[in-house]
Amino acid sequence: MKKISKWVFSVALVSNLSIGAVSCSTPDINNEINNNTNENTKSKTIVVYFSWSNGTENMANYIANKLGVKTFKIERELPYSSNYSELSEDAKNEAVNNLRPKMKEYPDYINNYEYILLGFPIWWHVAPMIIGSFLEHYNLDNKHIFPFIRSSAYLSEHLNRALNYLKDNSSKDAIIEKEVYSSNRNDVDKWLVNTYLDKLKTTE
């Protein structure tokens, strides 16, 4: 298991109970997607996400529906409590001790994808530790990981910790692409066009 620095956390786990500002899509997002994707690129792309309060799941489904691709939901083998206080203590323990909770399943088909749009909320100032469980299980060398991240606070230091966590726990040659750190669908649409679709143009 790769090690990262342990932090002493002073505030509670960020709960993401809403999807945030939901505004209309940019007018040409569907045209951009249709013009720059095909069945081949779609077959190489998957949306992988972890969600507790459904906020990230809503984002993941929105992205997957836009692109016409499949999703995989990361779940802990022992489900997290639906009680917020219990969840907070559990998540804090995992983060402070840099644990890797066991996932419910580790499907082999993840290895078939070249582009992984990876979604998660900020928990205790960093990515949930189960994201590390996912990253460490698979050989992600030369695969492109596009993070979409939700938070209630949207603080830059939380984002930086989360991105460093992705880099520290991914395969050496995994490619961490530019993230979107927002729940606003216009921001997500722009990210899809300027990051994901732009990458397709240069790699296909």
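## A first look

In this chain, 85% of the contacts with a separation of 6 or more are between residues 24 or more positions apart. Keep in mind as you look around that this is a predicted model. The chain has seven helices and five strands. Read from the N terminus, the elements go α-α-β-α-β-α-β-α-β-α-β-α. As for what is tucked away, 51% of the 204 residues count as buried.

## Two helix pairs

Two packed helices are described by the angle between their axes and by the distance between those axes. Let's start with H3, which covers residues 55-67, and its partner H7. Their axes sit 11 Å apart, and the packing angle is about 50 degrees. Because of that angle, H3 is oblique to H7. The crossing of these two helices is right-handed.

Which residues of H3 and H7 make the contact? On the H3 side they are Met59, Tyr62, Ile63, Lys66 and Leu67. H7 brings Arg185, Val188, Asp189, Trp191, Leu192 and Tyr196. Sorted by class, the contact of H3 with H7 has eight nonpolar residues, three charged ones and no polar ones.

The other pair is H5 (residues 129-137) with H6 (residues 156-169). Here the axes come within 9 Å and cross at roughly 30 degrees. An angle under 35 degrees counts as roughly parallel, so H5 is roughly parallel to H6. The crossing of H5 and H6 is right-handed. From H5, the residues Met129, Ile131, Gly132, Leu135 and Glu136 meet Tyr165, Leu166 and Asn169 of H6. By class, the contact of H5 with H6 counts five nonpolar, two polar and one charged residues.

## Salt bridges

| Residue | Partner | Closest N and O atoms |
|---|---|---|
| Glu77 | Lys102 | 3.8 Å |
| Lys199 | Glu177 | 3.6 Å |
| Lys178 | Glu179 | 3.2 Å |

Take Glu77 and Lys102, which form a salt bridge. Glu77 lies in the loop between strand S2 (70-74) and helix H4 (84-96), while Lys102 lies in the loop between H4 and strand S3 (115-121), so the pair ties together parts that are 25 residues apart in sequence. Glu77 has 47% relative accessibility, so it counts as partly exposed.

Next come Lys199 and Glu177, joined by a salt bridge. This pair also links distant parts of the chain: Lys199 is in helix H7 (residues 185-203), and Glu177 is in the loop between strand S5 (175-176) and H7, 22 residues apart. Are the two partners buried or partly exposed? Lys199, at 23% relative accessibility, counts as partly exposed. Glu177 counts as buried, because its relative accessibility is 12% and the cut-off for buried is under 20%.

Then there is the salt bridge of Lys178 with Glu179. With a relative accessible area of 13%, Glu179 is buried.

Finally, look for Arg76, Asp90 and Glu94, which are linked in a network of salt bridges.

Key
Residues are numbered from 1 along each chain as its sequence is written. This is a predicted model: local features need pLDDT of at least 70, side-chain atom pairs count only at pLDDT 80 or more; totals for chains, interfaces and linings use all residues. Side-chain values use heavy atoms; hydrogens and water are left out. A salt bridge is a side-chain nitrogen of Lys or Arg within 4 Å of a carboxyl oxygen of Asp or Glu. Helices (H or I, at least four residues) and strands (E, at least two) are DSSP runs, numbered from the N terminus. Buried means under 20% relative accessible area, exposed over 50%, partly exposed in between (1.4 Å probe, protein chains only). Axes are lines fitted to C-alpha atoms, for helices over the stretch in contact, and angles run from 0 to 180 degrees between N-to-C directions. Angles under 35 degrees count as roughly parallel, over 145 as roughly antiparallel, 65 to 115 as roughly perpendicular and the rest as oblique. A crossing is left-handed if the near helix is turned anticlockwise from the far one by less than a right angle, and right-handed if clockwise. Contact means heavy atoms within 4.5 Å. Ala, Val, Leu, Ile, Met, Phe, Trp, Tyr, Cys and Pro count as nonpolar, Asp, Glu, Lys and Arg as charged, and the others, Gly among them, as polar.
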